[in-house]
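Here's a quick briefing to read with the model open beside you. Keep the viewer handy and click along.

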Amino acid sequence: MPVVPKTKSRVVTLSAYLIIATAIVGYFVGIQSPMNHLEKQQASQARLLASRVAPRIKTSDLATYTTNRNVASANGSVSNGNHDFVVRAASYSEMASVVALRSQPSSISQIVSLSNEQDRFAVDPLILKQAALATSADVSISPEQKQEALQQRKKNRAYNGAPPTVTHPIDQMTAEACIACHAIGAKTANFRIPKMSHGFYTNCTQCHVASERKEFPSELFRENSFVGLPAPDGGPRAYPGAPPQMPHATWMRSECLSCHGPSSLRGIQSTHPWRSNCLQCHTPSSTLEQTQLESEPQFVEAIPFGQ
Amino acid sequence: MATATAVAAGSDVVRLPVLSASDVVGDLKWNKAPCRFCGTGCHVQVGVQDGKVVAVAGDRNAEVNKGLLCVKGYHVGGVLYGKDRLTKPLLRKGDSYEAISWEEAIEVIADRIVAAPERFAMYGSGQWTIPEGYAALKLMKGGLSNNHIDPNARLCMASAVTGFLATYGVDEPAGCYDDLDNCDVLIMWGNNPAEMHPVLFSRVVDRRSRGEKVTLIDIGTRRTRTTTHCNHYLEMKGHGDLAIANGIAHLLIKNKTYSETFVKSFCNFKAPDEANPNLHGKSISFDDFVEMVKPYTPEFVEECSGVPAEQIRLLGELFGNPNLKITSLWCMGVNQHTCGTAMNAMIHGVHLLSGHFGRPGDAPTSLTGQPSACGTVREVGTLAHTLPGGRTVNTPEHRQETEEIWRLPPGRINAVPGFHTVQMWESFCTPKADGGAIDTIWVQVTNPGQTLPNLNKLFNKKEGLEEKFLIVSDVYPTATTRLADLILPSAMWVEKNGMFGNSERRTQQWFKMVDPPEEARDDCWQTIAVAHRLMKKGVAGLKDRDGRFLFDVQDSNGKSVPIWDWNHYYDTNVDEHLFEEYRKFTRLKHKDLAPYGEYVKARGLRWPVVKKGDQWVETRYRFVSKLDPYVQKEAAIQFYHSSTKDDRAQIWFHPWVPPAEVPDKEYPFNLCTGRVLEHWHSGSMTRRIPELSRAMPSAYVELNAEDAASLGIRNGDPVILESRRGTLEIQAWIEGRGKPPKGSVFVPFFDESKLINNLTLDAVDPFSKQPDYKKCAVRIRKA
C-alpha cells in the first residue's frame, strides 16, 4: 500500500479541525443573531437595549395609542406582517426569557417591590435585564404623575435648565466618584441614579454643587425671591396627535433617556421607550437651541419694561 | 442623532424649523450678556419673562465659553432678587438710617465735595462697567483736578500690570484663551482654576476626554481640586516661586536649551536698580544675567522653595524642549505677593528666554478676577496714577492729549498721582488732626469693609471719626455699608446697559433687560447727577473750555439731553456716548476699540480691533507678524511698545527673598486666604443665591490633618486664629476642599460674618502697591 505522504495527512487533520471550529463558532454566532431582519429598523434602534422587545404599532393607532402588552402576547409571537404586533427578541438565546416575561403580570412592579434594607444598594443583574425587557410594558402617564415628577425635579433646580444640585454628600476633591455611578446610571430598589444627560465633562463640581451641607446650619444667609422659569408641562404640538416639539434645548440634554428613559421619574418617562431615535419625531426648538436668536439686541429708549 | 450631534457641536449648518419663543414658553425672551462674576467673561443668554429674569443659559455662540458655564454663572439671575436689596437712599442719623430722596442724597454728596474737593476720594472696582469707570475718572481727574481715585483691582491685579509694563512696555496679555486649546503643557503658578476659572479649566481638561494629551502642572502651596487633575504637583513654600523661576532660567542656560535666536533677536536683560527702584530697572548683559542665575541650582532652589530638585529639573526640561507648546496661567497667587511685579516679570522671562512665546499655545497668560478688571481698570485707567488708554498723569503729553479730547483748559489735570488703595484708606482712617488727608470716600461696586487687608487698621478705625464721611453705592447691605454715612441703592447687571472687558482683551456689551427695584439707579447716572449738581453749585471744573457740561450728551438734532435727570437718563444710550468718546483714547497704545455698534452684534471682540475693508477685525495674538496688524517688521516678533524703544522685551532677574512675614515661634503657621468655587469674592451677591449659599454656607479654616491632631482639633471644631493684627473664631475643616501642608492653614474670604482680613497683612509690593493676602503668620488654638 502506498504510504500516505505525511503532509497530506496533516492537511486532512487541519481541515477537520477547521470544519469543527467553524461549526462551533457558527452555532454561537447563530444563537446570538437577531431573530428579525434588521432592514426595516433604524440601525440605531437595533443597537439599544430598549429596542430589544418592541411591538410595532399601526400608523392608524398613533393618535391614541397606548402600548398594550396583552395585545402583543395575545397575538402570539413573531410575525413580519405590518398589521400585527411584533415582539422583537434580539436573539434566539433570549427567547426563553421573553416567553417567561410574558407570563408574568408586571415586571416593573416586581422591581419596585423588591425593597429590602439589606440590599438597597444591590442591583441584581436579572432585575436589570428584566427592566430592559420591560420596555414593552404599558406606559401611560397621568397628569398627576407628570406634575409629581416636575415637582420632584424642581426641588434641586433653580429654574428649568439649571444644573441640578447634588442631593447626596460629595467628594470635595475629585470627580471619579461622580463618574462611577452617573456615567451609566442605574435604578435600584430605593435609589434612582440618573445617567449624565450630557456628554462627558471632567470637572463635575463646576456645575453641580451640594444641595446642602449637613455640617453647617441649614438656614440661608439671606432670603431670595428669585422665581425660576418653571418646567413646561409639555412641548407644543402642531395638531392633536402630532409628536410634541421638545420644550427644552438639547444642549446639555443630549441623552434623552437620562430623563425620559425607563430608569427616570415615572411622570416624565417616554410612553414609547422602545423607540430610541427621539429626534426623528421630536424636533428641538430653534430659539432654545440658540440657532435662531435675535441677531442684534436692541437698546430700548425711555426706560424699557414700563415705569 | 445626527441632528443632535450637529446641534451640540454648535454648527449652524443645521436649520431647524423656526418657532417663535412664545410658542414654546410663554413670552420668554432671550438676550445676551456677559456673566456678572469673574474675569473669564463667559456670555450667558438671559431669559426674561414679565419683567423678571427667570432663566439663564450658557451662550453657545460665545467663543469664550462655547455654551458652558460654572455654577455661579448658571445661577447669576438670582443675584437681582435677594430680599434685602437696597431700594432707597439712606442717610445715617446717629445710630440709625433715615430714608431720603435722591434729590437730597445728591445734594449731600455735592456739599461734601464742595466743602473740600481735594479731600474727596472715589474707590471703585473692576466691576464698574467701562462707561461707569470712565465717567468716574472724568469727574475726578477732569472735573475736580483730583487724582484720588483707585479701584479694588489694586488688591487684585496691579502686579500683573506692572509685570507686563516692565516686560513689554505695555499692559495686558499677548495671547488669548485660544492658547488653552493648543498647549501641550499647562503650568499653573499658584492658581486653582478648577474653582476660580472653571470654564477655562474645563476647556483644557476636557481636551483629555477627547483623547488629546495635555500635561498639567500645579505649582502651589496647598492641594486643591486643580491638583487632582494634574500630572505633577510641585508643593512650594511662600515665595518659592521666585526661586523656581530663577531655577528654570539657570537650567536653560546651563543645558544650553534657551532659545538663542529668540533672545538675540527680541530680548534685552534687566535687573532691579537698587538705588532708584522703578519699572525700568538697570540694563544688564546676557553674561551678567548668567552670573545672576548661576547660584540657583536645583538643589539651592529646593532649599528656598521646598520643591524637590528633581521637579525643578523637570520644569527645566519642559521649557528646554522647543517642540512643546507651553502656556502658563496665574492669578492671585502671583499677584497678591510682596514681590508680585518681580514674579509676574519672571514668568514672562522664562517664556521669553526659552522662546515659548508667540505661537498659539505658547504663552504666559495672566488671569483676572473681576469681569472688567481689564476693560475698566487697566484700559480706561481708573487708577490713581493713570489716564485713559494707557496714559499716566505724570507724563505732560498724556495730560495734554487727555485735556484735548475732554476739551479742558490746559493744566486742568493734576500731575501728581493720587493715593493708591492702601494709602487712601489709611488716610481716611487717620484723624485730620493726625494728618489724615482724606475726609470723604465714595465707594461704588465694591466691598472694602471685607476685602481690604488688615481691616482693623484700614477700615474699622473709621468708626467714631465724626469728621469722616463714607458714601457707599451698592445693591445689598455689606460689611462696608455697616460704617457708611450715606447708602445709595444701585442698579446692577442687566438692570442697566453695560460693557465689560475680560482677561483676554475682549470687550463685551449688553443692554438693560429689566428694571431695577424701586429707587435703585445706575452708578453711572449717580456720578453724572453729582457732576451736574457740582456744576450748578459753581464748581468751575465741571464745565469744559467751551462752557459746556463735562458730560453733555446731545441727541441727533444737536440738543442736549438732560441725562442727569433720572427720568431722561434712558432717553438716549449714555453708554454709547461715553464709549465713543473713550474710544478716541485707545489708539495710543494700539488697543483700538471698534464702534459701539460692533459690540452689540458680537459676543465681544479682542482688541486691537482694526478696520479691514468694511469689516472690524479682532486680534488674537499681539506682537506676532501676520497675526497682529501693528507688527510692521517681517520678523516674527515685534514688541512695538518696548520700554527700551528697540522693539525688544525685557527679561528680568530678581533675587529670591523671603515673604514679608514668616511663621515664627509665637505665630507658627502661615495663613493663606482665597476663594471657593461657589462664592464670588466677598460673597455679597453669591451668598444671596440659595443654591450657592446652601452648597457653601460658611467660611472655614482648612488645617493639615497632622497639625490638627497635634493641636487636638477635630473636624468641625471651632478654633481661634490669631495674628499680630486680629483674631477670628472659625470652624475647622480637615481633609476637605483643599489640603494645606503641615505648618499652613487656608481660610476663604467670602464670609462677612468671619472676616479673615482682620488678620491679614498690609505689606505691599513696592511697584504695584498690591498687598499680599497669601502669607502672614498666625497661631491656632481650640476655642
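Predicted model: local features only at pLDDT ≥ 70, side-chain atom pairs only at ≥ 80, totals over all residues.

Residues are numbered from 1 along each chain as its sequence is written, chains are lettered from A and ligands numbered from 1 in the order in which they are written, and side-chain values use heavy atoms, with hydrogens and water left out.

**The A–B interface**

- On contacts (heavy atoms within 4.5 Å), 94 residues of chain B meet 68 residues of chain A.
- The two chains bury about 7,100 Å² between them, with carbon and sulfur atoms giving 59% of that; buried area here is the accessible area (1.4 Å probe) that two parts lose on being put together, summed over both.
- Between chain B and chain A there are 2 salt bridges, a salt bridge being a side-chain nitrogen of Lys or Arg within 4 Å of a carboxyl oxygen of Asp or Glu.
- One of them pairs Arg60(B) with Glu289(A), at 3.3 Å from N to O.
- Helix H9 (residues 198–209) of chain B gives the most to chain B's side, with 7 residues. Helices (H or I, at least four residues) and strands (E, at least two) are DSSP runs, numbered from the N terminus.
- Sorted by class, chain B's side has 44 nonpolar, 26 polar and 24 charged residues. Ala, Val, Leu, Ile, Met, Phe, Trp, Tyr, Cys and Pro count as nonpolar, Asp, Glu, Lys and Arg as charged, and the others, Gly among them, as polar.

- Over all chains, the structure holds 62 salt bridges.
- Lys138(B) and Glu581(B) make one of them, with their closest N and O atoms 2.8 Å apart. Lys138(B) sits in helix H5 (residues 130–143) and Glu581(B) in helix H25 (residues 574–583) of chain B, so this pair ties together parts 443 residues apart in sequence.
- Both Lys138(B) and Glu581(B) are buried, that is, under 20% relative accessible area, against over 50% for exposed and in between for partly exposed (1.4 Å probe, protein chains only).
- Arg737(B) and Glu195(B) also pair up, again with the closest N and O atoms 2.8 Å apart. Arg737(B) is in the loop between strand E29 (727–734) and strand E30 (744–748), Glu195(B) is in helix H8 (residues 193–196), and the two are 542 residues apart.
- Arg737(B) counts as buried at 1% relative accessibility, and Glu195(B) is buried with 1% too.
- Arg606(B) meets Glu618(B) at 3.1 Å, N to O, and both residues are buried.
- Those two also belong to a salt-bridge network with Glu63(B), Asp178(B), Asp181(B), Arg203(B), Glu504(B), Arg506(B) and Arg620(B).

**Nonpolar cores**

- The largest nonpolar core has 67 residues, and Met122(B), Leu486(B), Phe551(B) and Tyr569(B) have the most contacts inside it. Such a core is a set of buried Ala, Val, Leu, Ile, Met, Phe, Trp, Tyr and Cys residues joined through side-chain atoms within 4.5 Å.
- Helix H23 (residues 523–536) of chain B gives the most to this core, with 8 residues.
- Beyond its neighbours within four places in sequence, Phe551(B) contacts residues including Lys138(B), Leu139(B), Ile528(B) and Leu578(B).
- A second, separate core of 62 residues includes Leu234(B), Val263(B), Ile347(B) and Ala649(B).

- Asn344(B), in helix H17 (residues 340–354) of chain B, is buried at 0% relative accessibility, and its side chain makes a polar contact with that of Trp330(B) at 2.6 Å.
- Helix H20 (residues 421–428) of chain B is mostly covered, with 6 of its 8 residues buried; among these are Met424(B), Trp425(B) and Phe428(B).
- Leu387(B) lies in strand E15 (residues 386–387) of chain B and is buried at 0% relative accessibility.

Conventions. Polar contact = N/O pair within 3.5 Å; in protein donor to acceptor, adjacent residues only side chain to side chain.
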